[in-house]
Every structure is written in structure tokens, then in C-alpha cells.
Amino acid sequence: MSNEMYPKATREIAQKRRDLAPKPEAAFQAFSQAVFADGALSGKTKQLIAVAVAHVTSCPYCIPGHPKPAQRAGAT
């Protein structure tokens with residue numbers, strides 16, 4: 001058994017989540033796309049906010065999960 005409080009996010013865990021709960025997973029993906037779409041704020045700005053909030057909240061999944069989408073949105 002691992003000493004980690006949170007298991008490391010892996011492709012296997014993501015696939016298991018999709019297999020066990022496909023409708024909630026699809027709903028979350030649709031929600032995420034809507035949240036980060038350009039609107040009153042650009043998608044880039046929203047992604048940068050997500051990176052900052054991830055660090056403020058110390059989310060072990062959000063911290064590694066948001067920088068790449070932020071870069072894809074144009075953040076440097």
C-alpha cells in the first residue's frame with residue numbers, strides 16, 4: 001500500500017473512471033470545455049486562473065493538470 005494520501009493520476013485510473021462512469025465523465029468533459037471556452041475572458045486567461053487556483057488550493061491533481069492546457073491556449 002502506498003504512503004501517498006492521493007493516488008497518482010495515471011492513464012489506467014482515467015480509463016477505469018471512464019469505464020465505470022461514462023456518463024458523468026462525459027458530462028465533466030463537456031462542462032470543462034464550456035468553462036474554458038472563450039467568453040468574457042479568453043480561454044488562455046481562464047487557464048492561467050486555473051493554474052493559480054490549483055496552487056492556492058494545493059490540489060494534487062490540478063497542479064500538474066492545468067499547465068499544459070494553459071500552454072496550448074497560448075500561455076508562456
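A salt bridge, as the term is used here, is a side-chain nitrogen of Lys or Arg within 4 Å of a carboxyl oxygen of Asp or Glu. With that rule, a search of the whole structure finds one salt bridge. The model is predicted, so local features need pLDDT of at least 70 and side-chain atom pairs count only at pLDDT 80 or more, whereas totals for chains, interfaces and linings use all residues. Residues are numbered from 1 along each chain as its sequence is written, and side-chain values use heavy atoms, with hydrogens and water left out.

**Overall make-up**

- The protein has five helices and zero strands, where helices (H or I, at least four residues) and strands (E, at least two) are DSSP runs numbered from the N terminus.
- Read from the N terminus on, the order of the elements is α-α-α-α-α, and the C-alpha atoms fill a box of roughly 45 × 30 × 20 Å along the principal axes.
- Of the 76 residues, 17% count as buried, a word that stands for under 20% relative accessible area, while exposed stands for over 50% and partly exposed for what lies in between (1.4 Å probe, protein chains only).
- The accessible surface comes to about 6,200 Å², of which 62% belongs to carbon and sulfur atoms; such areas come from the Shrake-Rupley method with a 1.4 Å probe, and for residues only the protein chains shown count as cover.
- Among the contacts (heavy atoms within 4.5 Å) with a separation of 6 or more, 32% are between residues 24 or more positions apart.

**Helix 3**

- Helix 3 takes in the 15 residues 43-57, which at 1.5 Å a residue should span 21 Å, and this agrees with its end C-alpha atoms, which are 21 Å apart; the expected span is 1.5 Å times one less than the number of residues.
- The buried residues of helix 3 are Gly43, Lys46, Gln47, Ala50 and Ala54.
- Seen down the axis of helix 3, these buried residues fall within an arc of 100°, so they line one face of the helix, the arc being that of the directions from the helix axis to the C-beta atoms.
- As background, an α-helix has 3.6 residues a turn, so residues three or four places apart point the same way.
- The cover over the buried residues of helix 3 includes helix 2 (22-35), helix 4 (62-65) and helix 5 (67-72).
- Just after helix 3, Ser58 has a positive phi of about 60°.

**The salt bridge**

- The side chains of Glu25 and Arg17 meet in a salt bridge at 3.0 Å, N to O.
- Glu25 lies in helix 2 and is buried at 10% relative accessible area, whereas Arg17 is partly exposed at 42%.
- Leaving aside neighbours within four places in sequence, Glu25 is in contact with Arg17 and Arg18.

**Two loop residues**

- His66 sits in the loop between helix 4 and helix 5, and with a relative accessible area of 17% His66 is buried.
- Not counting residues up to four places away in sequence, His66 touches Phe36, Gln47, Ala50 and Val51.
- Tyr61 is placed in the loop between helix 3 and helix 4, and its relative accessible area of 36% makes Tyr61 partly exposed.
- Together with Met5 and Tyr6, Tyr61 forms a nonpolar patch on the surface, with about 370 Å² of accessible area together.
- Patches are made of residues with over 30% relative accessible area and no salt bridge, where like charges are joined within 9 Å and nonpolar side chains (Val, Leu, Ile, Met, Phe, Trp, Tyr) within 5 Å.
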